Amino acid sequence: MSKNNKFSETSASRYSLALYELAEESKIITDVEKQVFLLNEIISSSLEFKSLLKNPTSSQQDQINVLSKISDHYGFNILLKNFLCFLVEKKRLFFLTNILKNFVDICSKKRGEIKAKLIAAKQLDKNQVDKIKEELSKDFSNKIKLDYEYDPTLIGGLIIQVGSVMIDTSIKGKLKDLEIKMIGA
């Protein structure tokens, strides 16, 4: 990991923790977390907004104006709105996606959730994902925060990762294992 990348991860986690502590102090963690999810969706769905965040030539005033309009339009809490403006003033807005991701992770950990990832070869509906989540919660005796991803390149099956435990029932994974065995023979 490069020195700059490590610095950016450390900075992002500090800002995330600061946002969490401010929200906790104000007893609005749930509201801020919902708004952070919404802001993440806005960032991922808008190339122009993503460009505004990452472009070093964007003026601070333009960034503050856009963030204020988005905050007002979606009814963001004043704490989150001020936090976003603070990031602009400190020239840290380009960390925003990492900060938001870390904030969600902190909220999840504080609730005692274990992070898990599910990758499926076919599209799963919400009920199927919820069933898998329930089973994992039972197996690991803990709340599970499940990130679901559809990946048709798996050909068939699932990959589930909970912490350091990985279960790969995908055809792609089995073919890879077979390839390794054939090369080693």
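**Exercise 1. Work out the handedness of the β-α-β unit in this predicted model.**

Start with the parts: strand 1, helix 7 (residues 126-140) and strand 2 make the unit. Helices (H or I, at least four residues) and strands (E, at least two) are DSSP runs numbered from the N terminus. Next, look at the strands: strand 1 (residues 113-120) and strand 2 (residues 143-150) run parallel, joined by eight bridges. Pairing asks for at least two bridges found by DSSP. As a landmark, find Ile119, which stands opposite Glu149 in strand 2. Finally, point the strands away from you; a clockwise path from the first strand over the helix to the second counts as right-handed. The unit is right-handed.

A note before you go on: residues are numbered from 1 along each chain as its sequence is written. Local features need pLDDT of at least 70, side-chain atom pairs count only at pLDDT 80 or more, totals for chains, interfaces and linings use all residues, and side-chain values use heavy atoms, without hydrogens and water.

**Exercise 2. Is Ile171 buried, exposed or partly exposed?**

First locate Ile171: helix 8 (residues 171-184) holds it. Now apply the cut-offs: buried is under 20% relative accessible area, exposed over 50%, partly exposed in between (1.4 Å probe, protein chains only). Ile171 has 39%, so Ile171 is partly exposed. For the whole protein, 38% of the 185 residues count as buried.
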